[in-house]
Amino acid sequence: MPNHTSSTPSPEPGSTEQPMPRWVKRSIIAVVVVVLLIVAALLIMGGDHGPGRHGPGNHGAAPAAGSS
Amino acid sequence: MALSLGARKLTLTAHVVASVGWLGAVATFTALSVIALVSDDLATVRGAYLVMEAAGWAVLVPLSLASLATGVIQGLGTKWGVLRHYWVVFKLVINVVASVVLILYMQTLSALADDAAVATEADGLGSPSPVVHAAGAIVLLLVATGLSVYKPKGLTARGRRAQSTGSVGPVSL
């Protein structure tokens, strides 16, 4: 019975079961860590993310015509 | 659907031009976003954000979509496939994520440009957000470029099935 959980890099000849390459596993872990860090940063900032925070009038914008 | 040698070279050239052009355009964006962030001159900040918005729609978005389209065509038209090699899958994910984030982020760039167009002072007008997003895009696109050059080995399950039928790359151009 073939051991599918083996970390042996070279599978049996003719077998379609191959372990996921190490660089792929490391990359996935790195991506997950980065995504979690980004989510944590967004939560810490209070979720203030997106175009909504760049409303006109927030940076010394000229008053709209007709307004007092 | 196998592309002819001429078609493969043409689409590969288009893919390299679009992808590297996208990276160069993002590098320019990064510089503009830093200038807008640190400058105290209203005309400079306003000009930077107005140029970034216009160039975003005219250059960044088209290049990102061209890179995605030519990459998919390359994958479908050669033995590399789209989902057979991990490095191709990674590049596809990077391209899709970067393109979607870019298109969504254009709303923020438009808001910054609208804000800059009517601002009467540069104080507080600069935003670190474009710097962060552009820097992130550079990292992603550099990774994608590296994957294209090094092509690290590794077949997906789909690739292993295709390998058993003898239809897996690499393809010589």
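1. Secondary structure of chain B. In this predicted model, chain B contains five helices and zero strands. Read from the N terminus, the elements of chain B follow the order α-α-α-α-α. The helices referred to below are α1 (residues 5–38), α2 (residues 42–77), α3 (residues 86–118), α4 (129–150) and α5 (residues 157–164).

2. Dimensions and contacts of chain B. The C-alpha trace of chain B extends over about 65 × 30 × 20 Å along its principal axes. Of the 173 residues in chain B, 43% are buried. Among the contacts in chain B with a separation of 6 or more, 81% are between residues 24 or more positions apart.

3. Packing between the chains. Two packed helices are described by the angle between their axes and the distance between the axes. Helix α1 (residues 22–44) of chain A packs with helix α3 of chain B at an angle of about 20°, and their axes lie 11 Å apart. Because an angle under 35 degrees counts as roughly parallel, α1(A) is described as roughly parallel to α3(B). The crossing of these two helices, α1(A) and α3(B), is left-handed.

4. Residues at the helix contact. From α1(A), the contact is made by A:Trp23, A:Val24, A:Ser27 and A:Ile28. From α3(B), B:Tyr86, B:Trp87 and B:Phe90 take part. By class, the residues of this contact of α1(A) with α3(B) comprise six nonpolar, one polar and no charged.

5. A:Ser27. One of the residues in that contact is A:Ser27, located in helix α1 of chain A. Its relative accessibility is 23%, and A:Ser27 is therefore counted as partly exposed. The side chain of A:Ser27 also reaches the backbone oxygen of A:Trp23, at 2.6 Å. A:Trp23 is itself among the residues of α1(A) that contact α3(B).

6. B:Ser67. This residue is placed in helix α2 of chain B. With a relative accessible area of 3%, B:Ser67 is buried, since the cut-off for buried is under 20%. The side chains of B:Ser67 and B:Asn95 are joined by a polar contact of 3.0 Å. Apart from neighbours within four places in sequence, the residues in contact with B:Ser67 are B:His15, B:Ala18, B:Ser19, B:Trp22 and B:Asn95.

7. B:Thr13. Helix α1 of chain B contains B:Thr13. This residue has a relative accessible area of 48% and is partly exposed. B:Thr13 and B:Thr70 are 57 residues apart along the chain, and their C-alpha atoms are separated by 9.1 Å.

8. B:Gly159. This glycine belongs to helix α5 of chain B. B:Gly159 counts as buried, with a relative accessibility of 0%.

9. B:Lys151. The loop between α4 and α5 of chain B holds B:Lys151. Although B:Lys151 is not a glycine, it has a positive phi of about 45°. The relative accessible area of B:Lys151 is 35%, so this residue is classed as partly exposed.

Key. Residues are numbered from 1 along each chain as its sequence is written. Chains are lettered from A and ligands numbered from 1 in the order in which they are written. This is a predicted model: local features need pLDDT of at least 70, side-chain atom pairs count only at pLDDT 80 or more; totals for chains, interfaces and linings use all residues. Side-chain values use heavy atoms; hydrogens and water are left out. Axes are lines fitted to C-alpha atoms, for helices over the stretch in contact, and angles run from 0 to 180 degrees between N-to-C directions. Helices (H or I, at least four residues) and strands (E, at least two) are DSSP runs, numbered from the N terminus. Angles under 35 degrees count as roughly parallel, over 145 as roughly antiparallel, 65 to 115 as roughly perpendicular and the rest as oblique. A crossing is left-handed if the near helix is turned anticlockwise from the far one by less than a right angle, and right-handed if clockwise. Contact means heavy atoms within 4.5 Å. Ala, Val, Leu, Ile, Met, Phe, Trp, Tyr, Cys and Pro count as nonpolar, Asp, Glu, Lys and Arg as charged, and the others, Gly among them, as polar. Buried means under 20% relative accessible area, exposed over 50%, partly exposed in between (1.4 Å probe, protein chains only). A polar contact is a pair of N or O atoms within 3.5 Å; within protein, one must be able to donate a hydrogen and the other to accept it, and residues adjacent in sequence count only if both atoms are side-chain atoms.
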